[in-house]
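Biologist: Could you zoom in on one single part of this model for me? I'd like a connected walk through it, with the cut-offs spelled out as you go.

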Amino acid sequence: MKIVLASGSASRLSILRNAGVEPFVDPPNVDEQSIITSLNDAEPADVLTSLAAAKAAAIAGKHPDDVIIAADSMLLLDGELQGKPHTVEATIERWKNQRGKTGHLMTGHCIISPGGRAVYEHVASTTVTFGIPSDYDIERYAASGEPLPCAGAFTLEALGGWFIDRIEGDPSNVIGLSLPVVRAALYSFGLHVSQFWK
């Protein structure tokens with residue numbers, strides 16, 4: 001029995017590795033945009049849970065004896081969910097809008113027990129207060145490529161840490177996977193965190 005990470009996110013992988021777990025990585029092939037479009041009037045938490053559940057379901061059949069962990073993160077800012085910016089231009093625009101503001105980094109989790117006997121779903125939310133970086137630093141940060149594949153157009157654990165003034169809540173959630181949520185899921189399945197330490 002092992003943990004299978006249904007994600008290609010380097011940040012989520014690093015969270016588990018730093019916490020003593022070497023997961024099997026199996027990124028699912030899920031059309032996230034079509035799911036988001038189909039849920040256009042849904043609450044932010046429901047959107048994130050639906051995305052995580054779709055990712056977990058996409059690979060669960062391939063790993064029937066393992067724990068499946070899937071997650072999806074977005075930034076809730078000014079009442080709107082924001083995912084990955086993908087381009088330098090979009091990153092610059094995002095940062096010029098979000099600097100000095102406070103938002104909520106939300107991560108939907110879907111964790112499936114071995115044998116698929118139980119499913120644990122939870123949305124974690126951490127409050128993030130953005131600093132006020134200069135236009136020059138925003139442009140350099142965007143040009144680095146680091147924030148392009150990141151929810152909210154920032155990282156907490158790398159270059160983006162320069163531009164985050166404060167967080168309130170679970171820091172691992174901001175990076176992309178809440179260890180307290182994963183722990184609660186494992187306990188609900190009758191499993192222990194330390195069973196998965198390498």
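Modeller: His109 stands opposite His122 in β6. This is a predicted model, so local features need pLDDT of at least 70 and side-chain atom pairs pLDDT 80 or more, while totals for chains, interfaces and linings use all residues. Residues are numbered from 1 along each chain as its sequence is written, and side-chain values use heavy atoms, without hydrogens or water.

The strands here are DSSP runs of E, at least two residues, numbered from the N terminus. β5 (residues 102-112) pairs with β6 (residues 119-130) in the antiparallel sense over 11 bridges; to count as paired, two strands need at least two DSSP bridges. Six residues separate β5 from β6 in a hairpin, and Gly115 in the turn has a positive phi of about 80 degrees. Nine of the 11 residues in β5 are buried, meaning under 20% relative accessible area with a 1.4 Å probe, protein chains only.

β5 also pairs with β3, antiparallel again, over nine bridges, and Leu76 stands opposite His104 in β5. Strand β3 (residues 67-77) holds Asp72, which an unreviewed UniProt entry annotates as "active site"; such annotations may be inferred rather than shown by experiment. Asp72 counts as buried because its relative accessibility is 2%. Beyond four places in sequence, its contacts (heavy atoms within 4.5 Å) include Arg12, Glu32, Met106, Thr107 and Gly108. Lys55 joins Asp72 side chain to side chain through a polar contact of 2.7 Å, that is, N or O atoms within 3.5 Å, one able to donate a hydrogen and the other to accept it.

Terms used:
Helix = DSSP H or I, 4+ residues; strand = E, 2+ residues; numbered from the N terminus. Buried < 20%, exposed > 50% of the residue type's maximum accessible area, 1.4 Å probe, protein only.
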